[in-house]
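Here's a quick briefing on how two chains meet. Have a look at the model, then read on.

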Amino acid sequence: MITKKRYERPVIKKLESNMPNKFGMRTEYEPVLHIEDIAIKDLITKYGSPLFVISEKKIRRNYQAAKQAFETRYPRVQFAWSYKTNYLNAVCNIFHQEGSWAEVVSGFEYDKAIRNGVPGSNIIFNGPDKSEQDLRKAVTNNSLIHIDHLDELYLLQEIAKSTKHKPKVAIRVNMDTGIFPIWDRFGFNFENGQAWDALNKIMFTGTLELVGLHTHIGTFMLSPNAYAVAAAKLANLAQRLHQKYDHEIKYIDMGGGFASRNTLKGAYLPGVDTNPTIDEFAEAITSALINSDFRPKNPPLLILETGRALIDDAAWLLGSVIANKRLADGRRSTIIDIGVNILFTAFWYAHKVTPAQKFTSYTEDTVLYGPLCMNIDVIRDNITLPLLNKGDQVVVHHVGAYNMTQWMQFITLRPKVVLIDQNNKVHVIRNNETLENMLELEALPDHLANFDL
Amino acid sequence: MNLKNNIAISDSGFVFNPSSGESFSVNQIGLEMLNMLRQKFTTEDIVTHIEKGFQAERPTIERDLNDFIDMMNQYHLMQDEDE
Ligand SMILES: Cc1ncc(COP(=O)(O)O)c(C=O)c1O
């Protein structure tokens, strides 16, 4: 029997002389056939398409590298896993096994951390929305409560009086770090004196125990220097507390926000080559602290709530080609089964997308659409890809942060998430949704039960 | 619609249009289709030929061939029968 050759779409491409590729290289669409030695084809056959895949090994490696970057420069360092970045229990517990505390921003996330077994005193409770019930629970559990506004401060003082507990608190400080925009909606402002005012209120009333100072200056930050400015400003507040009250805070929490290796939309160069490394952020923060005027008997613990930089490149989203289409203006478009409903970060990033099978060197500029019947469902508005056929598989890279929390149940159901452990064993850590799951939450009034059509 | 007579096609898939000075590259399937178009095979024949040699369903090949001809038309490589 004659074996037929692999089929590829016919393509004709105009050769532009003296017009090199924007990046001068063509690595973007090198096929990626395996994740941690496991064939992508096998993963999709077994668990379906689309499919989120997370590498435990990569998470641990990222964590250890970040920890080392800070610990070689500063004596006392503590990471707290930012739950909102990815709060699948398996992911959280990898970080907790490595020694991370939990950083949460809602009652829901708080309860999740407690159920995971995190001691209350190792939970940092951030955010503008903490109900009285949430706060009472956090106070009883000795959690670290980061106050966002004065209403919360007053409520905590009342709770302290009525429960005879002394809540452990910090304030969140916002400030000008030379970057735009300033996130001034969270916490108390440094420059206009709000932060100092809040600290004085806490120190004067004496019902709360001021244990720390917190800031989170933004997310996907590309400037290590902004962190140096922020660290210096927190050290200044610590120094003033020391002078005025002889009070030593126990920690300085620099929040999260380090850029991951992704490429922001509209960026000219790939993020892998241009974004600062964890070492550069560590250097900026620790030198600012060490060189500040703040000279306590014990150096304060340096807390980091790093999210995306620790997990983005530890997860991939696998998918399949649904169809190819020629647009009215002649451009090629490819529809895949990955939409913005599960790849929320497609709004931010020009995600790297690679084919999961070998191809010839022919490529085409393509618009990559998701499967939703919605105009906004664009995964890449311009990407160079080999000639994909219906049924071919693709890999979207660096999807570990925010997608598995900000995804939406919209138009279709959410897929499985699997974890490849350190021995390359695959575990389902979140099952795919079913129609039954969705209907469980709904209720139909009796008078709407029937109709004739 | 036919392929313009003066279009030069090399074995490696390099295509040159002397009237515009533009050059193009085609992949292997495209090259086979182009050569058959030049020999005035019908689209039917071309589809049958590709179907025999490659792992693809007839409707896919038909659709891709039409799309390919559309692209060549946009690049001004085709002409009407009577030109
Ligand atoms: C208070 C706080 N800490 C930490 C993080 C984690 O940020 P990132 O994932 O950018 O490191 C966030 C995210 O917005 C946050 O709001």
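How much area do chain A and chain B bury between them? About 2,200 Å², with 55% of it on carbon and sulfur atoms; buried area here is the accessible area (1.4 Å probe) that two parts lose on being put together, summed over both. Keep in mind that this is a predicted model: local features need pLDDT of at least 70, side-chain atom pairs count only at pLDDT 80 or more, and totals for chains, interfaces and linings use all residues. Residues are numbered from 1 along each chain as its sequence is written, chains are lettered from A in the order in which they are written, and side-chain values use heavy atoms, leaving out hydrogens and water.

**Who touches whom**
- On chain A, 17 residues are in contact with 31 residues of chain B, contact meaning heavy atoms within 4.5 Å.
- Sorted by class, chain A's side has seven nonpolar, one polar and nine charged residues.

**Charged and polar links**
- Three salt bridges cross the interface (a side-chain nitrogen of Lys or Arg within 4 Å of a carboxyl oxygen of Asp or Glu).
- Lys14(A) makes a salt bridge with Glu22(B), where the closest N and O atoms are 2.7 Å apart.

**Strands at the interface**
- β1 (5-6) and β2 (12-14) are the elements that give two or more residues to chain A's side; strands are DSSP runs (E, at least two residues), numbered from the N terminus.
- β2(A) gives the most, with three residues.
- β2(A) runs antiparallel to β4 (residues 22-26) of chain B, joined by three bridges; strands pair if DSSP finds at least two bridges between them.
- Within that pairing, Ile12(A) stands opposite Val26(B) in β4(B).

Conventions. Helix = DSSP H or I, 4+ residues; strand = E, 2+ residues; numbered from the N terminus. Nonpolar A, V, L, I, M, F, W, Y, C, P; charged D, E, K, R; others polar.
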